[in-house]
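Okay, everyone, thanks for coming. Let me put the thing up on the screen and we'll walk through it together.

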Amino acid sequence: MRRKFYCKNSVAFVFLVVFFCCLSVLIISMLNVPDVDTGNGAMSIYDDTPLKSSGNDKSVGTFGNMMIDMLPEDLAFTVFVPSETAFERDLRLSANDSLVEEKINDTYVVISRVLGFSAIPRVLDTATVPISGEEVSYDSLSGFELFVSKYAGGVLVVNGVKSQSVDIKRGKLVVHVMDGVIMDAEFEQSIQPDFDGDD
């Protein structure tokens with residue numbers, strides 16, 4: 001007799017099927033399934049190798065490391081980090097002065113703003129950028145459009161800023177050290193020094 005009851009109430013039957021399907025999808029998605037190795041030696045976005053570089057990775061510097069530390073370790077990003085010289089020249093940030101207790105919050109604000117302009121949520125190493133100066137565009141975390149091109153010798157140019165060191169791997173991150181700061185015109189205007197000249 002119960003069999004007839006379930007057959008007559010098709011809405012309850014559909015509800016139970018949908019409920020168990022959703023529950024099984026939820027359980028499966030909560031399980032930590034290991035990553036599949038491609039086995040072909042190609043760079044994967046799941047590359048967890050420690051820091052290594054095709055150039056000199058000491059050029060990431062203090063502020064570059066601060067930028068990298070702001071990103072989650074388990075997601076793939078590409079970051080165009082300004083060199084220490086660029087931080088000092090373009091943003092007037094120096095490790096001796098900007099990291100004191102009175103200025104550390106302002107320093108983090110500037111660095112996080114630069115990170116929004118110069119990080120893209122994907123792996124972009126020099127092998128994936130076409131050579132011969134052809135530009136490809138990507139949106140940064142803040143929505144700022146980045147135009148990336150590659151020239152002879154693997155030099156990347158992003159919005160007119162040349163790279164100093166490329167393809168520094170740090171976990172799932174790819175870091176390119178740039179000889180300038182990638183930023184929009186509004187932010188650039190806000191960090192320019194105020195001149196109190198006598199006119």
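So, seven helices and seven strands in the protein chain. Keep in mind this is a predicted model. Reading from the N terminus, the order goes α-α-α-β-α-α-α-β-β-β-β-β-β-α.

A few totals for you. The protein chain has 199 residues, and 36% of those count as buried. Its accessible surface is about 12,800 Å², with 56% of that belonging to carbon and sulfur atoms. And if you take the contacts with a separation of 6 or more, 60% come from residues 24 or more positions apart.

Now, the bit I'd like to zoom in on is β6, residues 161-170. Why do I call this strand largely enclosed by the rest of the structure? Because seven of its ten residues are buried, and buried here means under 20% relative accessible area.

Who are the partners, then? On one side of the sequence there's β5, residues 155-158, which pairs with β6 in the antiparallel sense over two bridges. You can see V158 standing opposite V161 of β6 there. The two strands make a hairpin with two residues between them, and N159 in that turn has a positive phi of about 50°.

Then there's β7, residues 173-178, also antiparallel to β6, with five bridges joining the two. Look for S165, which sits opposite V177 in β7. Again we get a hairpin with two residues between the strands, this time with G171 in the turn at a positive phi of about 65°.

Okay, that's my bit, over to you.

Conventions. Residues are numbered from 1 along each chain as its sequence is written. This is a predicted model: local features need pLDDT of at least 70, side-chain atom pairs count only at pLDDT 80 or more; totals for chains, interfaces and linings use all residues. Side-chain values use heavy atoms; hydrogens and water are left out. Buried means under 20% relative accessible area, exposed over 50%, partly exposed in between (1.4 Å probe, protein chains only). Helices (H or I, at least four residues) and strands (E, at least two) are DSSP runs, numbered from the N terminus. Two strands pair if DSSP finds at least two bridges between them. Contact means heavy atoms within 4.5 Å. Accessible areas come from the Shrake-Rupley method with a 1.4 Å probe; for residues, only the protein chains shown count as cover.
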